[in-house]
Amino acid sequence: MGSHMDFDEEERTHVYSDWTLLRRMVGYLLRYRGLVAVVAVLIIVDIAVSIAAPFVLRHALDVDFVSGDLQALLFSSLLYIALVVVTWFSTYGHGYYSALMGQRAVFRLRQDLFEHLQIMSQDYYDKTSSGSIISRLTNDIDRISELLSGGLFNTLAQFFIVFAVGAVVFTVDFQLSLVLLTVVPILAVSTHVFRMKAREAYRRTRRTISSVTANLAESISGAKVTKTFTRERESVIKFAELNQADFQSNVDAAKFASAFFPAIRFIGGLGVFLILWIGGIRVVEGTLSVGSLLFFLQMNSIFFRPIIIITSFYNTVQSAFAGSERVFAILDTTPSIEDQPGAIDLPPIRGHVKYSNVNFSYVEGTPVLQDFSLEIEAGETVALVGDTGAGKTTVVNLLNRFYDVDSGRVLIDGIDIRDVTRESLRASLGLVLQDSFLFSGTVIENIRYGRPYATDDEVVNATETIGAKRLIESLENGFDTEVGERGSRLSEGERQLVSFARALLANPRILVLDEATSSIDIYTEHTIQRGMKALLKGRTSIVIAHRLSTIVNADRIIVLEDGRIVETGRHGELMAKRGKYYSLYELQIKPRAILVREHEISEEPLLEAAVASGGVPVSENGTVADDRD
Amino acid sequence: MGHISRLTKYALKHRGHFVGFMSTALVATIFNLYTPLVLVEIVDLATAGAAYSTLLLFALFYLGITGLYGLSDFIQRYVSALMAQHVIYDLRTELYESLMMKDLAFYDDNETGQILARVTTDVTTMRQFLLWGYRVIFIGVLNFIGTYYVMWLINQQLTIYMLAVIPGIVIFIYVFAKKVRPVYFESRRKYGSLSAVLQENVVGMKVVQSYVSGDRESKRVERENRDYLDLIVEANRLSAFYSPLITAVLGIALGAIIYIGGWDFVLGNLSYGEFVGFVSLISMLHLPARFLSWGVGMYQRASAAAERTFYVLDVQDEVRSPENPVQFDQIEGRVTFDRVDFSYRGENWILKDVSFTVEPGQVVALLGSTGSGKTSIVNLIPRFYDVENERTITYQGRTHRLDSRGKIRLNGNEYQERHGTIWIDDELLEVKDPGTAYIDNIDVRQYRIPELRSSIGMVHQDPFLFSASIRENIAFARPDASEEEIVSAAKAAMIHDFIESLDEGYDTEVGERGVTLSGGQKQRVAIARAILADPRILILDDSTSSVDAKTEMQIQQALENLMVGRTTFIITHRLSTIRNADMIIIMDRGRIIEMGTHDELVKLGRIYADLFATLTKMEEIADETLEYGGLVHG
């Protein structure tokens with residue numbers, strides 16, 4: 001699975017020679033030099049012993065059988081058994097140790113890659129899809145793993161076996177050795193050709209199966225629509241076509257796959273035939289012993305495995321190269337923002353923020369912010385409004401140092417933020433994103449995310465301040481409810497509130513809040529507004545605002561257009577100007593503002609009543625029957 | 001056990017193929033087992049000083065048998081692949097049809113990814129078994145018996161000694177099934193959780209960086225990474241130890257044969273050829289040992305996969321068409337809910353005692369928070385789910401189902417209903433009869449489901465479009481619709497101009513491989529799709545996402561065009577729509593808390609009135625500031 005979803009077309013940021021890739025991969029193995037040595041020794045023992053065994057057999061057959069010396073025969077027999085046992089343990093040893101060292105190397109590589117990804121700056125994540133990054137961490141490293149854990153050493157060993165056997169057989173009989181070796185190239189070439197053919201056929205099957213899978217995925221996600229329009233029959237017919245195509249491509253591929261092993265074995269049989277024929281004649285002539293004949297038959301079968309393994313190694317190496325190129329490309333990409341040498345930790349701050357003549361562009365030549373200056377007093381709440389692309393997100397991205405300014409300065413309490421470490425800067429800043437991202441785990445773990453050692457009381461207090469305590473307690477397991485992957489088991493409003501509580505508990509002096517653009521239902525909106533007020537209180541806050549209530553509550557509204565501040569002031573003042581804000585309000589803010597109750601925030605008649613009674617009784621005609629208070 | 005025999009039933013539908021590859025496998029095995037006998041003959045001939053031509057003849061005979069073996073082996077492989085592909089084709093078709101027929105509760109209970117895995121990955125595992133499993137087990141057993149038989153033909157005494165190998169083979173098979181493979185399975189599982197953590201971190205990197213929790217996350221990843229490392233190394237260790245076991249056992253047997261066979265040779269009971277034949281036969285025991293072990297592994301995996309896949313076929317739908325559906329030409333569109341309850345399988349009560357009547361052509365606005373039950377109301381009308389059909393009681397704030405005999409078990413005690421009431425711990429509770437949803441005064445459960453759903457249209461806020469052309473998406477309900485019909489639907493949905501502006505117009509592909517439409521554009525395509533379907537009852541989920549004012553107006557206009565003359569349920573925040581609705585229903589925690597027209601609810605002076613006042617005030621503030629703006633903060 002998954003391999004057909006490769007990102008092979010992705011542009012290559014770094015180009016490496018195969019040699020460099022191999023050297024770097026092996027570099028990871030060479031961290032475990034001791035293990036490498038042990039594996040090498042065990043492999044040599046293994047090969048030596050495996051080659052020695054047929055000699056023992058030959059000796060028994062040619063010498064002991066003929067002499068009839070039972071003592072010597074017993075010795076040969078026990079020696080053979082001893083060699084077998086040694087082979088077992090040496091095979092076990094190098095199998096285990098090479099897996100150990102390979103997997104450790106892969107562990108290190110994965111960890112290195114992950115840790116490197118953590119220091120990459122935000123521009124990298126904006127450019128690269130998360131799917132492809134994840135594929136680097138999983139699929140690509142798995143391919144490298146196939147090479148490093150076993151594959152590489154095992155294949156080297158196979159080469160060694162081929163050469164060793166090839167050399168040793170000549171000590172027994174020159175002519176038969178030549179006969180034996182004629183089969184090797186036939187075997188190697190035909191195996192290779194078969195693999196090439198089969199690869200083509202299998203590539204087609206991957207295409208057909210991926211259309212089948214894509215259709216299935218879409219059908220499952222779109223099940224409701226299909227049912228609404230009762231289009232089940234037609235969908236079945238469409239699927240049948242794709243299914244049929246997959247059937248056909250697999251049957252085609254099966255022809256190659258089915259022929260491969262029988263053909264290889266037949267070539268082996270050809271070797272046996274030659275040995276039997278020519279060897280047989282030599283036995284009749286008396287120039288070859290029966291033991292030597294048997295010896296060559298055994299060597300013929302020993303040749304098989306290495307050659308098949310070596311030809312399949314080609315694929316392993318190719319895919320490991322492709323995978324490692326992508327992995328190393330990430331490791332070699334330096335983050336565009338790094339701490340300056342001698343950067344200090346940001347001291348405790350009051351929360352005064354100043355942008356001074358800032359210029360910034362994501363892509364050279366298309367400036368996003370131009371000569372941008374803005375001063376925010378400690379404790380002030382400003383709302384950034386403007387069209388998409390006006391530069392709102394950029395303003396806060398620069399404060400977080402997800403990006404650095406091209407020119408100009410961003411100051412916190414008079415300190416240029418480039419002079420401090422990013423860690424200390426971000427620790428003083430809180431960020432609440434519009435699509436509130438939660439980690440799998442419980443609600444309480446998520447709230448503690450910014451301050452892992454906060455006490456239970458502190459957590460509960462934070463949720464209470466946000467106004468989410470009762471809501472969380474009403475969840476299945478209260479604070480210990482599992483939120484699921486990315487918080488999927490909570491509703492959007494619940495996720496938002498948990499992320500507010502998380503930010504509140506972290507208690508940053510400066511808070512950046514990217515408000516959701518999508519509208520949520522009125523009651524959730526209501527609760528969220530309350531939580532947001534609590535969260536912003538007493539902090540310097542910069543809100544990328546979309547909701548009227550948020551905008552109206554801000555101390556100051558900053559209207560951005562094409563990277564410049566065009567208007568600032570409060571709602572009333574700006575409306576009166578009938579400028580940019582007025583048109584934004586009419587076109588965007590007002591349509592979204594409907595049904596937001598922002599007065600009487602402390603009262604929650606609906607939730608209150610609902611929680612207390614489990615619902616309000618309704619009379620027959622549907623109006624509220626009793627008048628409760 | 002049962003799962004594989006069920007899979008075998010599918011295989012036996014292709015009896016010709018099945019019998020075909022099994023019999024060629026038999027033939028191939030016989031050829032294969034014949035080769036050592038030829039070997040014996042050749043070696044004995046050579047030591048006896050036979051003529052060269054005889055030797056060549058026998059050697060060619062050997063080659064011929066090897067060739068025939070290869071040929072029959074190829075045939076059995078190919079035919080079994082044919083069978084496997086046929087079965088997979090059948091199975092996929094059946095699965096797909098079954099998925100299409102499933103009710104929505106199935107899709108709620110099972111995540112998309114899981115269903116997908118059951119019909120893709122698990123099916124692939126079953127294919128492996130179909131392709132190899134039968135053959136491998138059959139050939140394994142056949143070879144096992146055959147090899148011993150041939151040994152017996154050569155030398156009975158040595159064969160008896162060789163029986164000592166059998167425990168080794170059995171242990172080999174057993175250890176892999178019970179010890180080695182489970183660790184591999186476990187390591188795959190662990191790998192899954194490692195990937196999940198990695199994925200979460202990559203997707204949430206912004207949060208990680210802004211909370212400066214990188215070190216902690218690295219440790220978390222390292223923990224998962226190390227757990228996986230430990231397991232995979234252990235799996236490799238076990239495999240490295242036990243894989244060569246069979247080779248070792250057979251090697252030891254060969255070593256022993258040197259001594260025992262040598263003795264026999266010295267005594268003149270064994271010829272050179274027979275000894276060589278025996279050596280070759282011993283190494284041939286590798287095959288059944290490995291095949292059988294492999295077969296057992298495939299059996300284990302295929303059985304688990306088959307269980308997961310057949311689950312999809314076996315889940316019983318709760319929503320089913322009636323035996324004798326009502327006949328009707330065209331519904332009028334009156335929708336009535338009479339004391340309707342709804343729950344997911346008796347837990348989680350979503351709707352409680354909901355009653356209302358909507359006349360044909362009326363517009364109903366549904367208001368309420370997430371989870372208040374408004375979506376459930378609209379899902380019950382096309383029978384995506386069914387209303388509760390058991391009697392219920394509400395005890396200590398929780399609702400419970402009664403079984404068909406009127407009994408209920410609570411806290412380990414059983415209670416019996418009598419005359420519509422039930423005593424529980426000195427408390428007399430009234431039993432509520434199940435409610436009903438009607439269309440045109442006929443229970444929705446009496447309509448045939450396809451006809452029912454064809455009469456109801458739905459437009460979602462984030463509509464699902466298929467990877468196909470815009471034309472196909474609009475004509476989804478009526479693939480036979482004419483060009484004019486499609487265009488006029490698109491015009492009414494205010495999307496025609498946009499479609500025309502695209503390079504390929506109506507033939508533009510949308511979805512994964514095609515152009516990406518904005519939320520507002522998708523919504524309007526979906527509206528066109530609904531207009532063309534021309535349903536009598538319409539369900540609109542219109543919690544607008546962020547769209548600009550122009551789009552907003554277009555959607556508004558498109559919706560109005562769509563709603564004309566249809567009974568409409570609309571979930572919306574749009575004030576003008578709510579205000580103009582014939583009925584407003586406000587839901588909270590599964591109950592209707594307010595219901596009536598705009599005027600009635602304003603007069604009632606409760607929640608809706610409150611909401612409306614707030615809103616009006618906001619609008620007024622805006623208007624005021626417009627007029628006096630300069631003075632307010634001046």
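Helices (H or I, at least four residues) and strands (E, at least two) are DSSP runs, numbered from the N terminus. The structure described here is a predicted model, in which local features need pLDDT of at least 70, side-chain atom pairs count only at pLDDT 80 or more, and totals for chains, interfaces and linings use all residues. Residues are numbered from 1 along each chain as its sequence is written, while chains are lettered from A and ligands numbered from 1 in the order in which they are written.

Most residues other than glycine have a negative phi. B:Met494, in the loop between helix H17 (483-492) and helix H18 (496-501) of chain B, is not a glycine, yet its phi is positive, at about 60°. B:Met494 counts as buried because it has 22 C-beta neighbours inside 10 Å; a residue is buried if 20 or more other C-beta atoms, placed from the backbone, lie within 10 Å of its own, exposed if 12 or fewer, and partly exposed in between. B:Arg383 has a positive phi near 60° and is likewise not a glycine. The loop that contains B:Arg383 runs between helix H14 (374-380) and strand S4 (392-395) of chain B. With 22 C-beta neighbours inside 10 Å, B:Arg383 is also classed as buried.

By an automatic or database domain assignment, chain A comprises domain 1 (10-170 + 313-335), domain 2 (174-287) and domain 3 (353-563 + 571-612). The C-alpha centres of domain 1 and domain 3 of chain A are 52 Å apart. In chain B, the assignment gives domain 1 (2-155 + 270-314) and domain 2 (464-532), with 52 Å between their C-alpha centres.

Contacts between the chains (C-beta atoms, placed from the backbone, within 7 Å) involve 138 residues of chain A and 136 residues of chain B. On the side of chain A that touches chain B, helix H8 (residues 232-285) gives the most, with 28 residues. That side has 74 nonpolar, 42 polar and 22 charged residues, where Ala, Val, Leu, Ile, Met, Phe, Trp, Tyr, Cys and Pro count as nonpolar, Asp, Glu, Lys and Arg as charged, and the others, Gly among them, as polar.

A nonpolar core is a set of buried Ala, Val, Leu, Ile, Met, Phe, Trp, Tyr and Cys residues joined through C-beta atoms within 7 Å. The largest such core has 252 residues, and A:Ala383, A:Leu384, A:Ala501 and B:Ile42 have the most contacts inside it. Apart from this core lies another, of 82 residues, including B:Val358 and B:Ile456.

Conventions:
Contact = placed C-beta atoms within 7 Å.
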